[in-house]
Amino acid sequence: MRNKRKKRGRTIFIFLIFIFILLLYWKLNQPEYSDVPMPTEMNPVVNEKKDILVQKAGDIGIRVVITEDFRSVEEQDRLYEQGRTTEGSIVTYAKGGESYHNYGLAIDFALLDINGVVIWDMNYDGNGNGKSDWSEVVKIAKALGFQWGGDWANFKDYPHFQMDFGLTIEDLQKGKRPE
C-alpha cells in the first residue's frame with residue numbers, strides 16, 4: 001500500500017514538472033510586443049468603415065456625425081476624471097489604455113436633426129420612414145463589421161462602435177495590433 005502511494009506521488013510530481021516545463025516553454029516562445037508604440041491615429045480599416053457608415057446613412061436620409069474617434073491615453077485619463085475629480089457627469093469607466101478609442105479602433109456617433117443640431121435621441125426618425133434613425137445606423141454599422149456598445153451586458157454605451165479584430169484590451173496593452 002505504501003509503495004503504491006509513493007509511486008502515485010512520484011507520478012503526480014513528474015506530471016507537475018512536465019506541465020511546468022510546457023508552460024515555461026510556451027511563455028518563452030510568446031512574441032514580445034512590449035516595445036510596440038501606442039497608435040497615434042485611427043486604424044485605416046476602422047477609418048474607412050467609419051466613412052462608409054456616414055455615407056450609407058446619408059444615402060437613406062440620415063445625417064450622422066462622428067463625435068469621437070481616436071483618443072490619446074492622456075485624453076482618456078482626462079475623460080475618466082470627469083465626474084470623479086473634475087466637474088461633470090461620469091462618461092467612461094475606462095482609464096487611459098483601457099479603451100479601444102486609444103488604439104484607433106472605436107468611434108462614437110450622434111445624429112443631426114433637421115436643423116443641424118447634434119442629438120442623441122434614439123427614437124428620432126428624421127428620414128420619416130417609420131424607423132428610428134439610431135437603429136438604422138446601428139444596423140448599417142453592424143453590417144460593416146462594427147460591434148455596438150448598446151449590445152454590452154453591463155455598461156450600455158449606445159453611441160459607441162468598435163472593431164476589435166479579435167484582440168482584447170489586454171492584448172492591445174501588451175502591444176498586439178491588428179494586421
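Leaving out residues up to four places away in sequence, F161 touches L53, L105, A106, I107, F109, V137, V138, A141, F146, Q147 and W148, where contact means heavy atoms within 4.5 Å. This is a predicted model, in which local features need pLDDT of at least 70 and side-chain atom pairs count only at pLDDT 80 or more, while totals for chains, interfaces and linings use all residues. Residues are numbered from 1 along each chain as its sequence is written, and side-chain values use heavy atoms, with hydrogens and water left out.

Buried stands for under 20% relative accessible area, exposed for over 50%, and partly exposed for what is in between (1.4 Å probe, protein chains only). Helices (H or I, at least four residues) and strands (E, at least two) are DSSP runs numbered from the N terminus.

**Aromatic pairs**

How many aromatic pairs does a search of the whole structure find? There are five. Rings of Phe, Tyr and Trp (its six-membered ring) pair if their centres lie within 6.5 Å, with planes under 30 degrees apart called stacked, over 60 edge-to-face and the rest tilted. F109 and W134 make a tilted pair, because their ring centres are 4.3 Å apart and their planes meet at 35°. This pair links distant parts of the chain, with F109 in strand β2 (residues 106–112) and W134 in helix α4 (residues 133–143), 25 residues apart. Both F109 and W134 are buried.

Another tilted pair is formed by W148 and Y158, at 5.8 Å centre to centre and 55° between the planes. W148 is in strand β4 (residues 147–148) and Y158 is in the loop between β4 and β5 (160–162), so this pair ties together parts ten residues apart in sequence. W148 is buried at 13% relative accessible area, whereas Y158 is partly exposed at 31%.

F161 comes back here: F109, W134, F146 and F161 form one aromatic cluster. Elsewhere, R84 lies over the face of Y80, 3.8 Å from the ring centre; the rule asks for NZ of Lys or CZ of Arg within 6 Å of the ring centre and within 35 degrees of the ring normal.

**Salt bridges**

A salt bridge puts a side-chain nitrogen of Lys or Arg within 4 Å of a carboxyl oxygen of Asp or Glu, and by this rule the count comes to six.

| Salt bridge | Closest N and O atoms | Relative accessible area |
|---|---|---|
| E68 and R71 | 3.2 Å | E68 30%, R71 6% |
| K174 and E170 | 3.2 Å | K174 47%, E170 48% |
| K176 and D171 | 3.9 Å | K176 26%, D171 18% |

Through shared partners, salt bridges join E68, R71 and D108 into one network. R71 is buried, while E68 is partly exposed.

**A buried charge without a partner**

Which residue is buried yet has no salt bridge? That is D133, whose nearest side chain of opposite charge, R63, is 8.4 Å away. For this, Lys and Arg count as positive and Asp and Glu as negative, and His and the chain ends are not counted. D133 lies in helix α4. Residues up to four places away in sequence aside, D133 touches I62, L111, Y124, D125, G126 and N127.

**Q76 and S99**

Q76, in helix α3 (residues 73–81), is buried at 0% relative accessibility. Beyond its neighbours within four places in sequence, Q76 is in contact with R71, T92, A94, K95, G96, S99, H101 and N102. S99 sits in the loop between α3 and β2 and is buried, with a relative accessible area of 8%. With neighbours within four places in sequence set aside, S99 is in contact with R71, Q76, A94 and I169. The C-alpha atoms of S99 and V54, 45 residues apart along the chain, are separated by 22 Å.
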